[in-house]
Structure formats: structure tokens, C-alpha cells
Amino acid sequence: MKIRILLFVAVFSVFMTEAQEKTEINSSYRAEKEKISDLVHTKLKVDFDYSKRQMHGEAWITLEPHFYNVSELELDAKAMLIHKVTRKGKDLKYEYDGNKLKINLANVYGKGEQYTIYIKYTARPEEVKQEGSAAITDAKGLYFIDPDETDPKKPTQIWTQGETESSSCWFPTIDSPNQKTSQEIYITVPNKYVTLSNGLMKSQTENSDGTRTDYWKFDQKHAPYLFFMGIGKYSIVKDKWKDIAVDYYVEKEYEPYAKGIFGLTPEMIQFFSDYTGVEYVWPKYAQIVGRDYVSGAMENTTAVIHGEMAYQTSSQLVDENTWESTIAHELFHHWFGDLVTAESWSNLTVNESFANYSEYLWMEYKYGKDAADDHRYDEIQGYISPENELKDLVRFHYNSREDMFDGVSYNKGGAILHMLRNYIGDAAFKEGIKTYLNDNKFGTGEAHQLRLAFEKVSGKDLNLFFNQWYFSNGHPKLDIKYTYSEAANLVTVQIKQTQENSFEFPFAIDVYEGAKPKRYNVWVDEKEKSFTFKYTNKPKLVNAGANRTLLAEITDNKTTENYIHLYTYGDKYEDRREAIETLADNQNEDAPYKVMIKAMNDKYYGLRILAIDKIDISKANSKEAIGIIEKLASTDKKTLVQAKAISKLELLEDKKYTVLYKKALESKSSSVKGSALKALYKVDKEAALTFANAIEDDTERESLKDALIPVYILDKTEAQMPFVADNLIAGMFFTEDKSKQNTYKEGFQWVASSSNEEATQNLVDSFVQMGNRYKQYGADKMAIQVLQQVIAAKNELNTPNKEVLIKIVQDGLVKL
């Protein structure tokens, strides 16, 4: 599962802290769930009561004892009504407490003896009360989206979310990741809807009451949390990999863009099959987009669901597919997570670290090492924080299994796999993956099995590596100093670990006497360690940690001259990034400023963007830099660089760029048009507003909203207030850009103090939705405070609809 809330959590730290201070870490050992009975097969028949948000279900569950004889069965079944439990048509006695269904089997079964239980039930997801994964406050398992068809902004949909243990909210099962079962589902829906589930659709039957029953069958075994149903009005865009169907379920208006969003999937399937040495084993691969989805995306076997953030138009896709890494992430789970499943939530990282690292592997293959290293850099930033330093990668002690879905299990885990790959080599890394998957396919795994697979292939003892990286916490924090003995032609690199626990690791040190370095591979096995190297000419640069694979925070005492040499001759993304960020603080000197100018033409577009962002164009000698930015604004092959260059020129507020900005408004790129619109507003307000107000297409307006909303806020465009109100949350809480936050807060005050009923309703709805979705981080409390401020603002009004406005807000408060 891909989580997409880390930025919100960071910006909203006050409320997050309040929520997280509730308890200390539980000292109880979190073991793998004991297997008393094993699931064998699950057959379901379901239909829905949309008005009650309930599901009528029948389940035939086939099981067998794991080892010992059994005479009773305990199933997970949350908040259901249990109508009947039978075996071979005979009623069975049972006890049900709203969470666990305990059945007296009226017989004793031994190992190898299968039996089938029939259960008739009603699933009531709105009655479920349990904590859910990451952003999911109430993990209901089964979600009805606008079932009454009263919201004109949303289509009616039903979708499920099983991870961690929420499949048991919509069918009785042993809801544990160490269970595996095949399945078949008969789904009855109104004819106007399509359905999606795991496996293949075997038949469709038209019923006399205007409904249709779709029969989905999945013969392979997977964990209960991977069961899925998706229902709604969708266009199905067909694709394929070899002879296997690859389908994309999208709302009608996004049908033209479906292949732009998901179209690299077949190539990804081939790449991951080749990389792992294990060909994709499943009978199809479908992806569906769900409204109001409670996380980023989920790897339900053969039926992946994505949040609506996946939706993009051609003008956005020409910049980049911002969802591509998530698509890769969920696909790779079909090897790590679906084919081989972590046996317990303590071992979650065995699933998520590989899915996280698959993003790097895909980007390295498709776009090159700079792009992959850029992505890895961002992922590591998502891990580095004081609270994460205290968590083991494999955690047998936690308060809630949902706590495992964090920057440690995901981001740190991916970074550790990158180190392991570097340590044992590419060939051994791939062969180790293949061995682990083949040895455990259609079963479960844990970190120790992973270690044994890599040891078997490489011949290396990896206990030290796994003990310090998987079964311990933190990472090295290094203080590095360089001393020279010019008389002896020696340079000494002093490495001091400043963190509490000690790490051992390989470390690469490059010594540059000229353009090409001499590489020294050393082993750091003490808290303080020094290495001395002979040179002929005094080095221009000594680059410690030169292969850039170690997960560490490094304080490096390089000089300005060293960083200039590092940018000029360093071949890695991290070399050049570190040099740009450091030299940006010394632009008052000519030599660093020249490097910043040079960096604006870096071979990698991401560093061109960074250099444009960092360079100082207020200097007296900035004419050359501005000239380069002007050129990049219209000719760079990457539209994101063009957009950044236009945003940089905006700072000059110079009318001579009016023609450039107007020309940029004709671009096919939403980022270029957006930057141009904001810049044009500074020099020709009327022209900017004319362009903005002429946009009638909803998808185009959605793609340009980051530019339109600030313009509408600054201009106080009354007719656009409802659109602004509907989109304020993102700019207030999902960005670290302080200027943007301030603009959106100004927009909030504008809407809060207005008499516009539609805008007020939109504002209230957005805060209610956010408050409920991120309740575990205290967002509901924040939303209540905000809406109380809105009521106070409405009370200051002297308009005929004042009471109507206040009631709109009060009705929203009731929902929190």
C-alpha cells in the first residue's frame, strides 16, 4: 500500500504530536498469529442495500486444521448481523460478540481433513469501529461513495480496503496476513454499474429486477486482506501484456488520459519479471480509481485501487506522470506482498521496503540513475526524523499494527535494500530476490528468510548487516574531517560516529588530485576511525562516502573550493546536489556564483530546477544568469524547467516579459501555463484575469488550479469563490511553501467572512472531510476549531442569509 499523507503530517505537526502522545510503546511481543485452522477456499455471494450502506452476504468457507485436531472455529467478523451458520445444511451453534464468531463444528477434524462452513450475514460497515492503516481513521473495509446519488460532484461507487485487517468487515474470515485462500465472488449490482474483483470474470447474468450478477473467480491463493470489490460507472480501457489483460477502470471524462496515466504498466510488468527472474504469475492486472479512497493506493491481487490523485490530464502528463512511482509500487507488490506475504505486521517491511525500492529500480531503468537517485533522496528525507530513529525496521513491539505504516517500514527499508544491493552486487541481489520468491511463493516470509536467501546466493554471512539494519534502529551520523601532512604527502580522513549506537559499514573514499579520482574502499567498524592515503599532488578534493549508498547523515568539512571541484567532476546526482546547495550560500563570491550559473544547464533537469531556484538574480552581476533563465523559460526540453524559469523571472516583475508570459499561456504544459499565469498577473493583471476567466473546461481548470486559485484570491474574484473554497485545504496544509500557505490562508479569511452560501458549503465540506479522514492525527479537532472561527466570522455579517450561513457551518460541526 502506498501512503500519501507524510507532507500533511509534517505541516500539521502540532495536532499529530497531540495524537501520538497518548501512550507509550506497548511492551507486549507482537507474534505471528497462531495458525489453528488454515483457509483453503472462500466463496461469496453479495448484493447491496445502498440506502442503509449495508451488504447482504453469503459465505462458504473451506478450511482444514493446521496441525492439531479441531472441534471449533474462530472467525473474524466485524459489526455484522449473523443470520445463519451451517455445515452440510445442518445448523451449528455459535457465539458472536460483534467482532469474533466462534463456531462449534459438532465434529472433530484432523490434519488434512477439509470442511466447509456456510454463513448468511449482513455486513454493516458504518457500525465498524476500529483504527485503520495510515490515514484511515475508521477502517470500515467496505465503503459506499454517494450511495443516495445526492452529491452532483461525485459518482456512486463501492470499493473495499482490506489492509490491515478490514476484509473481515465485509466477509467472515481468518483476517491475518499468514493465511492464504483462493476465492470466488458473485456480485449483484444494478445494470448501470461495472464490477471489478480479483482473478477473472467468468460470467455475467442478467436478472429480472434490473440487476446483473457478475461472477469472479480466482484460483490462486492470497491473503484475505488482498480481497477486493470495486463497483461503479467506469470506462474500461483495454491494454495487455503478452496474452494477459491489463485494464484501466476510470471515470468517463478521464478515458482519453487512461493510457497516459497507466500505459507504462505492461512495460513495468516485463521489467519486474526480468529483474526478479520470476515471471508475473497472475491471470490479469487491472487498476481502478476510487473516489474518496482512504489511502494512496492498494495492491489487491490483480485488482489494484488508486486514489483520485492518480487522475491527470494530457497537460499535466506532458510535464510528468506524478503517479508513475505509485503504479510501479503497487505492481511490485504482486511479487513482494501478494506472491510472498509478510507473515506478520511486525515484518511489514518485507513487503513495503521492496515496493518502495521498486520505484527506484523502475526509474533507474526507464529514466537513468540521476532520476532514480533524485527519487531516493526524497524518500530518505521522508524517513529522517527524530521519532523514526527510535524504531526498528522489523518491530515486534508496537501499540497498533497501523503504526507500522511509516517512513521506517517504507522509506528506510528501501534505502537499506539499496545498501544491500551495493554490498553484495547487482547479480547476487537479483538472484537473492529470485531465490526468496521461488522458495516462498504463494506463502509467507519474514526478514530472516530474506537474509537466508541472500546468504545462500552470495555466500556471505549477513547477520551483522541484518542485525544492525533490520533488527535495530537509527542510522550513522558522521562528522568527517580532513587533515593534510604536506611534508609527507598524506591526507587523513577522520570519521566520527556521533549517534548513540555504533554501526559497521563499507565506505568509499575518492581522492581527486585532478579530474579523475582514485577510489579507496574502507571498512568503518569503530565509533571513531581514521584512514590515511598517500598522494602525489595535494588533492583538490577528498570525497568521503563517494558511492552515495550509505543511509547516513553526514557533516562534511569541505571547503568552497572542494565543492566547486565536486560539482565540476562529481558524477553522481548527490555530488552535484550537495555542491549546488552548499555553494548557493556563498554566491557573494564569484567562483561559487559561476558554478551556480553552470548548474542551470546541468544534464539532469531536476538539478537545473534546483539551480534556478537557488540562484540569486538580485546581484549586480546577474545579467548572465538572467539571460540563461530567459532562454530556459522558452527552450528547455523539460517543461518543468521552463515553468521554474518563468517563476524565477516573475520575481523581477518586469513588463518586458509580458510577451514571453502570454506565449507561455499557449503551452501544452499545465506547469508552464500555471507559472505564466501567476507571472502575468504581476505585470498585466487584466490579461491574466481574462485568460483565467475564459477557462470553461473543468478538467483544464482542475489541472491549473494551483495557479488559478492564488490569482482568484488576490483579485477577490467573487464568481470563483466556490472553486477557491473547494481547494483551500491543499494550500493550507499540504505544502511547505510558506508564501503559498499565507495566500491560501488569506483565501480562507475571504471565504469565511463572505455571504456566499455555495462557497461556505464547499469550505465546510472540505474541512469535514479532512477532519474525519485524518482524525488519528488530531485533524478533527483542528477542523472544529477552524469551523468555529468561520461561525464567528459569519456572526459579524449583516446580510439577510446570515442564519443560513451559520447553519451550514453548524451542520458541518455535527459531522465531526
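The legends below walk through several close-up views of a predicted model.

In this predicted model, local features need pLDDT of at least 70, side-chain atom pairs count only at pLDDT 80 or more, and totals for chains, interfaces and linings use all residues. Residues are numbered from 1 along each chain as its sequence is written, and side-chain values use heavy atoms, with hydrogens and water left out.

**View 1. Tyr254 and Tyr257 form an aromatic pair.** Rings of Phe, Tyr and Trp (its six-membered ring) pair if their centres lie within 6.5 Å; planes under 30 degrees apart count as stacked, over 60 as edge-to-face and the rest as tilted. The count by this rule is 54 aromatic pairs. One of them joins Tyr254 and Tyr257, edge-to-face, at 6.2 Å centre to centre with 65° between the planes. Both tyrosines, Tyr254 and Tyr257, are buried (under 20% relative accessible area, with exposed over 50% and partly exposed in between, for a 1.4 Å probe and protein chains only).

View 2. Helices (H or I, at least four residues) and strands (E, at least two) are DSSP runs, numbered from the N terminus. Both Phe271 and Trp362 are buried.

**View 3. Two lysines sit over aromatic rings.** A charge sits over a ring if NZ of Lys or CZ of Arg is within 6 Å of the ring centre and within 35 degrees of the ring normal. Look for the charged end of Lys43 over the ring of Trp60, 4.7 Å from the ring centre. The charged end of Lys45 takes up its place over the ring of Tyr186, 5.2 Å from the centre of that ring.

**View 4. The structure holds one cavity of 30 Å³ or more.** Rolling a probe the size of a water molecule over the atoms shows where empty space is left. On a 1 Å grid over the protein atoms alone, a cavity is a set of points where a 1.4 Å probe fits but cannot get out, and a pocket is an open set with protein on both sides within 12 Å along at least five of seven lines; lining residues have an atom within 4 Å of a point. Grid points are joined across faces, edges and corners, and a volume is the space filled by probe spheres set on the points. The largest cavity has a volume of about 60 Å³. Its lining includes Asn356, Tyr360, His375, Arg376 and Glu379. Helices α7, α8 (369-381) and α9 (408-424) are the elements that give two or more residues to this lining. By class, the lining has three nonpolar, four polar and two charged residues (Ala, Val, Leu, Ile, Met, Phe, Trp, Tyr, Cys and Pro count as nonpolar, Asp, Glu, Lys and Arg as charged, and the others, Gly among them, as polar).

**View 5. The second largest pocket holds about 860 Å³ of space.** Of the 40 residues that line this pocket, the closest to its centre are Arg548, Leu550, Ala552, Glu553 and Ile554. Among the elements that give two or more residues to the lining are α8, α9, α12 (463-469) and β25 (505-512). The lining has 20 nonpolar, eight polar and twelve charged residues.

View 6. Ser37 counts as buried because its relative accessibility is 5%.

**View 7. Ala79 and Glu149 have positive phi values.** Most residues other than glycine have a negative phi, and most peptide bonds are trans. Ala79 has a phi of about 60° and is found in the loop between β3 (70-76) and β4 (81-87). For Glu149, phi is near 55°. The peptide bond from Glu163 to Thr164 is cis, with omega near 10°.
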